[in-house]
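Please take a moment to look over the sequence and the model before reading further. The paragraphs below move from the backbone to the ligand and then to contacts between side chains.

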Amino acid sequence: MSTRRDFLEKITISAIGLPLIYNSTNLFAAATLHEEGEILNVAILGLGSYGERVADAMQDCKRAKLVGLISGTPSKLTEWGAKYNIPEKNRYNYETYDQIKDNPDIDAVYIITPNALHKEAALRVAKASKHVISEKPMGLNAEEGQAMIDACKAAGVHLLVGYRLHFEPKTVAVIKMRQEGAFGKLNFFQGQTGFDIGDPTQWRLDKDLAGGGSLMDIGIYSINGARYITGEEPIWVTAQETKTEPEKFKEGVDETIQFQLGFPSGIVASCLSTYNMRYLDRFYLAGDEGFAEMQPSTGYGPIEGRTHKGKLTQPHTTHQTLQMDGMARIIYDNEQPIVPVDGEEGLKDLKIIDAIYKAVETGEKVEL
Ligand code: NDP
């Protein structure tokens with residue numbers, strides 16, 4: 001059995017030629033080591049409600065650690081700094097954060113701002129030679145997504161997207177069953193994702209900050225889910241929008257969109273994305289030899305579900321804890337999750353979002 005002493009000895013030996021974590025000219029930071037592997041030291045950019053959920057979840061991570069804060073609100077830097085024990089030298093605002101380039105404490109920046117700000121932040125973080133983690137949707141459209149991929153590639157850093165469900169045990173179990181052929185020939189997927197958005201003044205209903213409406217925010221779960229549950233990429237899209245409250249859901253901000261995806265093997269997906277209905281968080285997959293039903297399918301959990309073989313019983317762990325440990329393993333161990341969470345994965349969803357909006361606008365079937 002390997003002991004802690006063995007481990008420390010190994011560190012000492014490997015420390016003679018201590019590895020650079022990644023290929024960067026300014027980063028000569030040695031890896032922070034933990035018995036389970038190198039630690040991913042993360043700064044969160046955008047200290048809002050989801051950022052707080054991620055920060056709390058990271059307290060239980062084995063491979064990821066919250067070490068920095070980037071915010072436009074000075075009081076949050078003080079409050080979060082005290083709460084999460086972040087030294088002042090690792091706190092930045094939106095004017096100063098390019099300086100993380102010279103901060104060896106920080107390996108990666110997790111961008112958790114309104115959607116329209118993801119791309120610019122990603123480009124700046126990449127330029128500072130730090131790994132980029134972006135919340136979904138990765139950008140506002142495929143063009144932005146591609147620019148983010150290009151910038152991270154040029155800087156030699158990873159680009160990852162906060163697809164927490166790719167690490168979620170019941171979701172992973174259904175994907176594995178599908179990979180093993182447990183459902184037989186797949187025929188149909190249904191994805192229903194939506195909620196009642198509430199406050200009309202929030203950024204999610206501001207086209208400039210959100211880039212759209214429910215589809216950008218919650219419909220993307222049905223898009224991503226249709227892809228990871230079926231394991232195929234859609235080749236066409238049709239879509240229809242309904243708007244019952246045009247005052248609240250202004251031009252360019254979709255309230256409800258129903259869309260259909262066609263896949264190469266003949267599978268069809270029928271999906272609903274909405275900001276104005278309740279109790280919609282459900283995936284259903286039907287094959288010739290079995291089914292999977294998940295409800296809730298995308299919330300913070302516990303995810304619940306059953307298949308033709310019975311109830312899904314995998315234990316619940318906080319999604320963001322699993323995700324951040326998983327991201328450390330991607331970056332340092334080259335260990336990929338069952339479905340990728342990289343920039344290419346984010347781009348695939350953005351291309352489909354672009355196609356859905358085009359289908360709504362034209363009323364036509366859009367080929368992908
Ligand atoms: P919040 O409004 O709660 O927080 C966003 C934060 O971004 C703000 O608190 C603010 O932090 C910063 N910010 C910078 N510029 C602006 C601006 N012009 N207007 C508003 N905020 C600004 O949003 P959420 O945390 O709910 O969402 C943030 C991102 O996370 C979105 O992209 C969303 O899609 C994604 N998300 C993902 C989830 C998931 O499960 N994967 C769940 C929820 C959200 P500061 O004051 O520090 O500058």
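Predicted model: local features only at pLDDT ≥ 70, side-chain atom pairs only at ≥ 80, totals over all residues.

Strands, as the word is used here, are DSSP runs of at least two residues marked E, and they are numbered from the N terminus. Tyr-279 has a positive phi of about 60 degrees, although it is not a glycine. This deserves a second look because most residues other than glycine have a negative phi, and most peptide bonds are trans.

The peptide bond from Lys-136 to Pro-137 is cis, with omega near -15 degrees, and Pro-137 lies in the loop that runs between strand S6 (131-134) and helix H5 (142-155). The peptide bond from Gly-301 to Pro-302 is also cis, with omega near 0 degrees, and Pro-302 belongs to the loop between strand S13 (291-294) and strand S14 (305-307).

Turn now to the ligand, which sits in the largest pocket. There are 26 residues around the ligand, and of these Ser-71, Thr-73, Lys-76, Tyr-94 and Arg-164 come nearest. Helix H2 (49-58) and helix H8 (214-230) each supply at least two residues of the shell.

Taken alone the ligand exposes 890 Å², and the protein buries 82% of that.

The last step concerns salt bridges, in which a side-chain nitrogen of Lys or Arg is within 4 Å of a carboxyl oxygen of Asp or Glu. By this rule the count comes to 17 salt bridges. In one of them the side chains of Asp-98 and Arg-124 meet, at 2.8 Å from N to O. Asp-98 lies in the loop between strand S4 (91-92) and strand S5 (108-111), whereas Arg-124 lies in helix H4 (residues 118-127), so the pair ties together parts that are 26 residues apart in sequence.

Conventions: Residues numbered from 1 in each chain as written. Heavy atoms only, no water. Near = heavy atom within 4 Å. Areas by Shrake-Rupley, 256 points an atom, 1.4 Å probe, with all protein chains shown as cover. 1 Å grid on protein atoms, 1.4 Å probe; cavity = no way out; pocket = protein on both sides within 12 Å on 5 of 7 lines; lining within 4 Å. Sits in = over half its atoms within 2 Å of the grid points. Helix = DSSP H or I, 4+ residues; strand = E, 2+ residues; numbered from the N terminus.
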